Amino acid sequence: MTTALADTIARYTEAHEQMQRVLAGSEAIKALRTRAIEAFTAQGFPTPRHEDWKYTNLARIEREAFQAAAAVPSVDGDALPALSFADGEALRLVFVNGRYAPSLSDAADAALAGVHVASLAHAVDQEDERLDGLGTVASLESNGLVALNTAFLKDGALVTLDADVTLEKPLYLVFLSVEQAAAALIQPRVYLVAGRHARARVVEHHATLSEPTNFTNMVEELRLDDGARIDHYLLQDGAPTGSIVHSMNATLGRDANFTSHHLQAGSRLARQDIHVKLAAPGSSTVLNGVFLPSGEQHLDTHTRVDHLEPHTRSDEDYRGVLDGRSRGVFNGKVVVHKDAQGIEAHQSSRNLLLSERAEIDTKPELEIYADDVVCSHGATVGQLDEQAVFYLRSRGLDEQRARQLLTYAFARDLIERIDLAPVREAATRAVLARLGDSAHLLEELS
């Protein structure tokens, strides 16, 4: 262990000891935090020496002496970035620097039969029995950052759905990063349990006001009982000064279904880890994503799907559009375990380089320990088709506009799979804004 790493671990261990004395929670929660700091001490921050972090260097973040997020910073509700949900069309829960902001939220006050939505801090303070199972979906051994989040577990969202309940309105979770006196370490946690045949749509929006240099280390745990369905949408458009690492973990029961659509456009460094366990026959998942790094951004997506039982299915489609001196990473791993016969798994990674200095590392992986399977994977890296550019120019478009339209078309196929209109519109705007001159492009596309 290097001296720098030892100093980092000592700094967080000392902070944990101080916070553990004052943080609320049951004996089980406190024991979970203690196990977590021990796991973090053993692992530290991931480094490029770890195979899964080969292309992502957190050394700068590891050295930074971040401060814990202070009491909820004051935010003007009118300045809050928001998707175009009409009034009352969605249930909103807002977190500012990882702390629940009740004045900006309405979901926790909603009286919905069979649905419980609350801040995690409130549930921890009340020793809510709904927290049973917290820490069992996201493994403390998966990486040191999951352990670090758990060691300082304090606030976030708790969502439970009783059996056979359908949440008609989307649940809109806004995670806002704002400047404070010193760069903040923000560690929200989301724990969602969907009962048998329950259904919900969850929209997660990570945004910033001004240009904070905060680091967000988020962990999400989702447990879907038999027949449950969760459609999850993630938009990440943070300022290019901040960093975010996001670990999403889901375990699915029999015939359960989990879909994830994500768009990554912001932050200086952003990494999304998605781990889905298809833990019962008939369970399935669809994972789609678009990432749009430019300038010197580093956007990283890692997925892992474990087919643990027979007759399960997974489909993944990720596309990257890279410009400037940016770097993108896609690493998707599908593991078909020994007894998982009759499964089907497909994985696709397509990437478009708009600049000679942009760089992509893509690595779809299959590990198969069963015989009766249908699996495929593939990856492409390329540039715009010059013949297509020539064709559009022959139809009257100038070269810049022709390239913009072809680039948008590359991402559009995935954007149009987003079935929730406000999210689809926001994703479209984000892609067009990245291409520049979005107003004219929208006009030409309409």
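**Close-ups around strand β11**

**View 1. β11 and its neighbour β13.** Strand β11 and strand β13 (residues 257–264) run parallel, paired over eight bridges. Strands here are DSSP runs of E, at least two residues long, numbered from the N terminus, and two strands count as paired if DSSP finds at least two bridges between them. Look for Leu235, which stands opposite Leu263 in β13. This is a predicted model, with local features needing pLDDT of at least 70 and side-chain atom pairs counting only at pLDDT 80 or more, while totals for chains, interfaces and linings use all residues. Residues are numbered from 1 along each chain as its sequence is written, and side-chain values use heavy atoms, leaving out hydrogens and water.

**View 2. β11 from its β9 side.** Strand β9 (residues 199–208) also pairs with β11 in the parallel sense, over eight bridges. Val202 has His232 in β11 as its bridge partner. Seven of the eight residues of β11 (residues 229–236) are buried, so the strand is largely enclosed by the rest of the structure; buried means under 20% relative accessible area with a 1.4 Å probe, protein chains only.

**View 3. On to β15.** β13 pairs in the parallel sense with strand β15 (residues 284–291), again over eight bridges. Gln264 finds its bridge partner in Phe291 of β15.

**View 4. The whole sheet.** Ten strands make up an open sheet with mixed pairing, in the order β3-β2-β6-β9-β11-β13-β15-β17-β19-β21. At the edges sit β3 (99–100) and β21 (373–382), each pairing on one side only.

Definitions and conventions. Buried means under 20% relative accessible area, exposed over 50%, partly exposed in between (1.4 Å probe, protein chains only). Helices (H or I, at least four residues) and strands (E, at least two) are DSSP runs, numbered from the N terminus.
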